[in-house]
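Here is a plain walk through one protein model, written for someone opening it for the first time. Keep the view beside you as you read.

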Amino acid sequence: MQLLKDTILKEGLVLSDQVLKVDSFLNHQIQPHLMLEIGKAFSRRFEGEAVTKILTLESSGIAPSVMAGLVMNVPVVFARKQKSLTLKDDLWTEQVYSFTKQTSNEVAVSKRFLAPSDRVLIIDDFLAHGEAALGMARIVELAGAAVAGIGIVIEKSFQQGAEKIKQQGYRVESLARVASLENGQVRFIETESQ
Ligand code: 5GP
């Protein structure tokens with residue numbers, strides 16, 4: 001997605017060979033116009049998948065997901081990160097390890113918001129090692145619902161996430177694919193079709 005790539009080049013900060021900071025439009029301040037275009041791009045890519053619901057993870061997945069939900073006219077659920085609870089009868093929960101923060105979070109979704117009849121599009125802001133996306137996919141499977149696909153705003157293609165997701169049989173669509181962050185420079189994989 002050209003507008004997204006242009007914005008990353010203009011405003012993204014390369015913190016290391018592994019980490020890209022985009023807090024001026026996605027992770028702290030949010031640019032609604034760009035988010036709306038991101039929502040439209042997800043809607044185009046998953047057209048024909050009969051999506052009934054979007055699932056994301058708080059907090060940075062919410063903005064692109066809400067815009068995609070608006071365009072696709074489906075509800076958006078965000079999984080909550082929380083301390084382990086003892087009482088979780090009405091929740092689907094999974095452990096998600098964060099390589100950036102080096103901690104494990106329990107993420108939870110109320111059983112009320114996922115039904116076996118749902119076809120769920122999972123959306124996240126970044127794809128690195130695939131832990132967050134695959135944790136959400138496990139929750140969808142626990143609920144007996146179907147994963148319609150996984151939509152990512154920024155994929156770091158030099159890490160293993162996209163490969164792991166494809167190996168598990170899920171379709172992944174990333175709007176910007178970063179080939180490398182070496183030497184303080186963002187380089188993209190130049191195969192985006194939309
Ligand atoms: P994964 O679960 O795929 O290993 O990592 C994805 C999650 O880690 C995303 O939800 C995002 O919050 C965070 N993350 C991973 N890499 C980056 C990065 O380079 N920049 C930012 N801002 N977040 C990242």
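## A loop to start from

Asp89 has its place in the loop between β4 and β5. The helices (H or I, at least four residues) and strands (E, at least two) named here are DSSP runs, numbered from the N terminus. Asp89 is exposed, its relative accessible area being 62%. As for the words, buried means under 20% relative accessible area, exposed means over 50%, and partly exposed is in between, using a 1.4 Å probe and protein chains only. Asp89 and Lys111 sit 22 residues apart in sequence, and their C-alpha atoms are 8.8 Å apart in space.

A word on where this comes from: this is a predicted model, in which local features need pLDDT of at least 70 and side-chain atom pairs count only at pLDDT 80 or more, while totals for chains, interfaces and linings use all residues. Residues are numbered from 1 along each chain as its sequence is written, and side-chain values use heavy atoms, with hydrogens and water left out.

## The sheet

How do the strands line up? Eight of them form an open sheet with mixed pairing, in the order β5-β6-β4-β3-β7-β8-β9-β10. The edge strands, β5 (91-98) and β10 (187-188), each pair on one side only. Two strands count as paired if DSSP finds at least two bridges between them.

Starting at the β5 end, β5 and β6 run antiparallel and are joined by eight bridges.

Leu55 finds its bridge partner in β7 at Ile122. In a regular strand the side chains alternate between the two faces of the sheet.

## Two helices

The expected span is 1.5 Å times one less than the number of residues. The buried residues of α2 are Leu34, Met35, Ile38, Gly39, Ala41, Phe42, Ser43 and Arg45. Their cover includes α1 (2-11), α3 (62-72), β7 (119-127), β8 (146-156) and β9 (172-180), where contact means heavy atoms within 4.5 Å. Arg45 counts as buried because its relative accessible area is 8%. A polar atom of the Arg45 side chain lies 3.2 Å from the backbone oxygen of Ser174.

Helix α4 (residues 131-142) passes the span check too: 12 residues should span 16 Å at 1.5 Å a residue, and its end C-alpha atoms are 16 Å apart. Among its buried residues are Ala132, Leu134, Met136 and Val140. The cover over the buried residues of α4 includes β3, β5, β6, β7, β8 and α5 (161-167). Just after α4 comes Gly144, with a positive phi of about 80°.

## Around the ligand

Which residues come nearest to the ligand? Of the 15 around it, they are Leu20, His129, Gly130, Ala132 and Lys156; a residue counts as near if one of its heavy atoms lies within 4 Å. The table gives polar contacts, meaning pairs of N or O atoms within 3.5 Å; within protein, one must be able to donate a hydrogen and the other to accept it, and residues adjacent in sequence count only if both atoms are side-chain atoms.

| Residue | Part of the residue | Distance to a ligand oxygen atom |
|---|---|---|
| Asp124 | side-chain N or O atom | 2.9 Å |
| His129 | polar backbone atom | 2.8 Å |
| Ala132 | backbone N or O atom | 2.8 Å |

The protein covers 83% of the 500 Å² of accessible area that the ligand has on its own. Such areas come from the Shrake-Rupley method with a 1.4 Å probe, and for residues only the protein chains shown count as cover.

## Backbone details in loops

In the loop between α2 and β3 you'll find Ala50, whose phi is near 50°, a positive value in a residue other than glycine. The peptide bond from Glu58 to Ser59 is cis, with omega near -5°, and Ser59 is in the loop between β3 and α3.
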